[in-house]
Amino acid sequence: MLRSPDRSLALYTVPVAAILALLLTFILPDNTRLWDALNRALPGAPEQRVVVVGIDDASLRDYGRIGNWPRELYAQALGTLEQAGAAAIGIDVLFSDPARNDSRLADAFSQPNVVLATAPGESRQLASPDWLSPTGVSALNVSPDGVVRTFQTGYPGTPEAQGDVSPVTDSASAAAQASATLHPSFARQLAVAAGRNVPLDTQPQLLRYSAPSQDRLPVIPFRDVVNGNVRYGDIQGKIVIIGLTASGTSNLTLRDVTGQVVPGVAMQARAVSSLLSPPFTRLPTWLIALMAVATAVSAVLARGVWGFALALLMLALAIPLWLGNILLPGVTLSYAAILGTALVALERWWNLRNLSMRDPLTGFGNRVAFTRALEQRWTARAARPLGLLLVDLSGFRKVNEVYGLRAGDELLSDLSGRILKHKRRSDLLFRWGPDEFAVLLEGASVQDMTATTQRIQDALQELTYRDVPVRISIGAARTGPDIQTPTDLVEAASRSRYRAKYQREQRG
């Protein structure tokens, strides 16, 4: 039995869906908006090990402009934090004035658990050779929309920025120099100072959003630390970051995924917290591509509107995986499902567009399609003669009356399948009437007409349905001098069919 025509495009839509889904994987590898929404809706728990010491408005009123502060203030603050038992201390303040980088802070800024911030592109070597503390680039990744979503543990640098301009002599030296030009980030250096092993990597990592904790002060004022007015329990074993939180420092504020303006030191604290938490895992590209292809193909095979259900499922699946620290590109996969559904809709549209030209039972063209096909080829009949076979089925109505319409459909499907099997590759098939079929032959010689007629006649000779006798009559005609119009060709084939039917009845 032949396939229904509404399934005829599945052989095309399935591979097209797979190809489009594969391309979508590379066009849309990240789902920024989805991950922003999940980051806001499912924030991480506040990291209790990270504490921010803010240089707030009150501290600036007490000590004046930060660039004119006495250096002893930093030494006093570090002394208080050391006494309180801080595990690591980061100073997110850039000391860019060489004239003021003197030896007064040599002891304080030479501790291994003290990390000093440098600006992007600066050398790791600070202006004062007496400062031996590790340094880190105070940088975060700002998206084009001004939101900080990711950070890195390493940022590319240049050998010149580090005073290293030695020539490269071999590939091993080149690899070593490339590694040496990778500047560690400020957050990474703090995590390392606190005892966490964090490799240098330029791969952006997601910055975890954490809602403010109601059980603790979000920021400890800097002047309280300088004066020793802090509870040691708030500091002991913690990673402390000192930075500007005063109002009016717009150049040191950033926007997070909630759209709020946040001081840069608070963002650095979130970066450190992200490094201390279990890292998010990005699925490999090949796995995402495989999932996208499977989703798109499933949507095509499911047909209907099931693709939209698959799209919602892919988005919903991103939630539990997020809780398991796995970044699933649910939007990419949902788009793949929608692409599959769109191809199903396109297939339906195509079938509806061609419904008036196609017989739904056999898949052959109908009488309107026959007329158009004959008219389109009529002008070239001199170079490529046209032949027409009309196949008449006697006994079809009796099959319908005795065994029902389903039996009649089975008989027609059997007959059309036999005709399809014995036609030439270039021949066109049509359902001419309820129990009639037409075969249009292009470029047909007399020998072709005879051979095709005989093959079809032999194939249909033994056609029966249970105990109801079925007889076949075939009429043939070919364009020539006596055939002037398409109607003439049809009438000639009809006359030939009636003669064949009459001769068969006479013999019977």
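The legends below describe close-up views of a predicted model of one protein chain.

**View 1. The whole chain, for orientation.** The protein chain contains 16 helices and 19 strands. Of its 508 residues, 45% are buried. Among contacts with a separation of 6 or more, 74% are between residues 24 or more positions apart. The accessible surface of the chain is about 25700 Å², and carbon and sulfur atoms hold 56% of that surface.

View 2. The strands follow the order 4-3-2-11-1-10 and pair in parallel. Strand 4 (135-137) and strand 10 (220-221) are the edge strands; each has a single partner strand, so one side of each has no neighbour in the sheet. Strand 3 and strand 4 run parallel and are joined by 3 bridges.

**View 3. The largest nonpolar core.** This core has 30 residues, and the members that touch the most others are Tyr 74, Leu 81, Ile 91, Phe 109, Phe 222 and Ile 242. Two or more residues each come from strand 1 (50-55), helix 4 (72-84), strand 2 (88-91), strand 3 (114-118), helix 7 (222-226) and strand 11 (239-244). The largest share, 6 residues, comes from helix 4. A second, separate core of 27 residues includes Val 115, Leu 140, Phe 151 and Ile 239.

**View 4. The surroundings of Phe 222.** Neighbours within four places in sequence are left aside here. Phe 222 is in contact with Val 53, Gly 54 and Ile 55, and also with Ser 59, Tyr 63 and Trp 69. The other contacts of Phe 222 include Leu 73, Tyr 74, Ala 77 and Ile 242. Of these partners, Tyr 74 and Ile 242 are listed with Phe 222 among the core members that touch the most others.

**View 5. Strand 6 and its two partner strands.** Strand 5 (residues 141-142) pairs with strand 6 in the antiparallel sense over 2 bridges. Within this pair, Val 142 has Val 148 in strand 6 as its bridge partner. The two strands form a hairpin with 5 residues between them, and Gly 146 in the turn has a positive phi of about 85°. Strand 6 also pairs with strand 9 (residues 205-206), again antiparallel and over 2 bridges. Here the bridge partner of Thr 150 is Leu 206 in strand 9.

**View 6. Helix 2 and its cover.** Leu 34, Trp 35, Asp 36, Leu 38 and Asn 39 are the buried residues of helix 2 (residues 32-41). Their cover includes strand 6 (148-151), strand 14 (281-282), helix 10 (306-323), strand 15 (326-327) and helix 11 (330-353). In the loop between helix 10 and strand 15 lies Asn 325. Asn 325 has a phi near 65°, a positive value in a residue other than glycine. With a relative accessibility of 17%, Asn 325 counts as buried.

**View 7. The salt bridge between Arg 149 and Asp 36.** The closest N and O atoms of Arg 149 and Asp 36 are 2.6 Å apart. Arg 149 belongs to strand 6 and Asp 36 to helix 2, so the pair ties together parts 113 residues apart in sequence. Both Arg 149 and Asp 36 are buried.

View 8. The structure holds 17 salt bridges. In one of them, Arg 223 pairs with Asp 62, with the closest N and O atoms 2.9 Å apart. Arg 223 is in helix 7 and Asp 62 in helix 3 (residues 57-63), so this pair ties together parts 161 residues apart in sequence. Arg 223 is partly exposed at 29% relative accessibility, and Asp 62 is partly exposed at 45%. In another salt bridge, the side chains of Arg 497 and Glu 436 meet at 2.4 Å, N to O. This pair links helix 16 (residues 486-507) with strand 18 (residues 436-442), the two residues being 61 apart. Arg 497 is buried at 4% relative accessible area, and Glu 436 is buried at 15%. Salt bridges with shared partners also join Arg 33, Asp 36, Asp 145 and Arg 149 into one network.

Key:
Residues numbered from 1 in each chain as written. Predicted model: local features only at pLDDT ≥ 70, side-chain atom pairs only at ≥ 80, totals over all residues. Heavy atoms only, no water. Buried < 20%, exposed > 50% of the residue type's maximum accessible area, 1.4 Å probe, protein only. Helix = DSSP H or I, 4+ residues; strand = E, 2+ residues; numbered from the N terminus. Contact = heavy atoms within 4.5 Å. Areas by Shrake-Rupley, 256 points an atom, 1.4 Å probe, with all protein chains shown as cover. Core = buried A, V, L, I, M, F, W, Y, C linked by side-chain atoms within 4.5 Å. Pairing = 2+ DSSP bridges. Salt bridge = Lys/Arg side-chain N within 4 Å of Asp/Glu carboxyl O.
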